Amino acid sequence: MNIIDGKKISAEIKDELKERVAALKEQGVSICLAVIQVGSDKASSVYVANKKKACAYIGIESLAYELPETTTEEELLSLIGELNRREDVNGILVQLPLPKTIDEDKVIRAIDPKKDVDGFHPVNVGCLNIGQEGYVSCTPAGIIQLLKRSGISIEGKECVVVGRSNIVGKPMAALLLRENGTVTVCHSRTKNLAEVTRRADILVVAIGKPLFITKEYVKEGAVVIDVGIHRDENNKLCGDVDFEQVAPLTSAITPVPGGVGPMTIAMLMYNCVASGTRK
Ligand code: NDP
């Protein structure tokens, strides 16, 4: 069994991007990401700080907008409009979740699709589904990199995705299909879930329930990718997959932490670098 090292693979990607950014700088192209946070949610603040750190490492300029919880939808939309118009800003990221008084869908739609480095805008979601160029949601894009860089081929494989969220499950299914996998998507209404997941050569789990996937759900020799992140009763990080139980059955598996998690930021940086060169 191979433990897929997301920390190492994400570091490789960041180093490749750092070189690319340096080369772009020599051609006079600089890249700038605007990060907007509304309110002071603790987890969001950590994510935003990590994004700024990754930008600094790679050589991307970052503009931070830390707006108060009381910010109105109108004010946020007006800032996005201003950033859309600024030629020196290539990427715009609004940290989710937003306060309940603000319509998230409206905010996502307000971002210029060419600057939507999170890949959440309906135009980018559509491009992914019809095989056109656009930004792809970072977590599923990172999972494709984990598989490819671990020498795991997707073509012709039975791929089962558990979870159908807009940011993980659905784009994951579209990407696996684009890589010529045979894809099944499961969700809370799926009947006989274990029967379906046991068909998987590649099983991607994004349910949001700690240690949900036990050995009954996994075929011997499968590749298991665990997207979930939780803290258990001892404050230790764990995933949606019961790693101790499932790992011995698999041919390869991602751990939590150190699997999918670090890839999300690496792919955000990838999208930012692409934004600097996209017309
Ligand atoms: P959501 O809560 O948006 O979606 C969960 C999905 O799981 C839904 O489609 C739901 O089905 C399905 N589901 C829930 N219960 C079951 C069940 N019993 N059987 C089968 N399917 C079920 O979660 P996200 O996709 O946003 O995130 C999933 C997990 O991944 C979370 O733990 C999150 O923290 C983590 N995450 C990690 C990231 C990273 O960088 N590593 C990035 C993003 C998320 P239905 O649609 O029918 O309700």
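Author: A cavity here is a set of grid points where a 1.4 Å probe fits but cannot get out, and its lining residues have an atom within 4 Å of a point. The model is a predicted one. Counting cavities of 30 Å³ or more gives 2.

The second largest cavity holds about 30 Å³ of space. Its lining is made up of Q37, V38, D41, S44, Q95, L96 and P97. By class, that lining has 3 nonpolar, 3 polar and 1 charged residue.

The largest cavity has a volume of about 50 Å³. I92, V94, L96, I108, I111, D116, D118 and F120 form its lining. Here the division is 6 nonpolar and 2 charged, with no polar residue. L96 is listed in the linings of both cavities.

The ligand site comes next. The ligand has 22 residues around it, with R164, S165, S188, K209 and T264 coming nearest. This shell consists of 10 nonpolar, 10 polar and 2 charged residues. In the side chain of S188, an N or O atom lies 2.5 Å from an oxygen atom of the ligand. Backbone atoms take part as well: a polar backbone atom of V227 is 3.4 Å from a ligand oxygen, and a backbone N or O atom of I229 is 3.4 Å from an oxygen atom of the ligand. On its own the ligand would expose 930 Å², of which the protein buries 71%.

Methods: Residues are numbered from 1 along each chain as its sequence is written. This is a predicted model: local features need pLDDT of at least 70, side-chain atom pairs count only at pLDDT 80 or more; totals for chains, interfaces and linings use all residues. Side-chain values use heavy atoms; hydrogens and water are left out. A residue is near a molecule or strand if one of its heavy atoms lies within 4 Å of it. A polar contact is a pair of N or O atoms within 3.5 Å; within protein, one must be able to donate a hydrogen and the other to accept it, and residues adjacent in sequence count only if both atoms are side-chain atoms. Accessible areas come from the Shrake-Rupley method with a 1.4 Å probe; for residues, only the protein chains shown count as cover. Ala, Val, Leu, Ile, Met, Phe, Trp, Tyr, Cys and Pro count as nonpolar, Asp, Glu, Lys and Arg as charged, and the others, Gly among them, as polar. On a 1 Å grid over the protein atoms alone, a cavity is a set of points where a 1.4 Å probe fits but cannot get out, and a pocket is an open set with protein on both sides within 12 Å along at least five of seven lines; lining residues have an atom within 4 Å of a point. Grid points are joined across faces, edges and corners, and a volume is the space filled by probe spheres set on the points.
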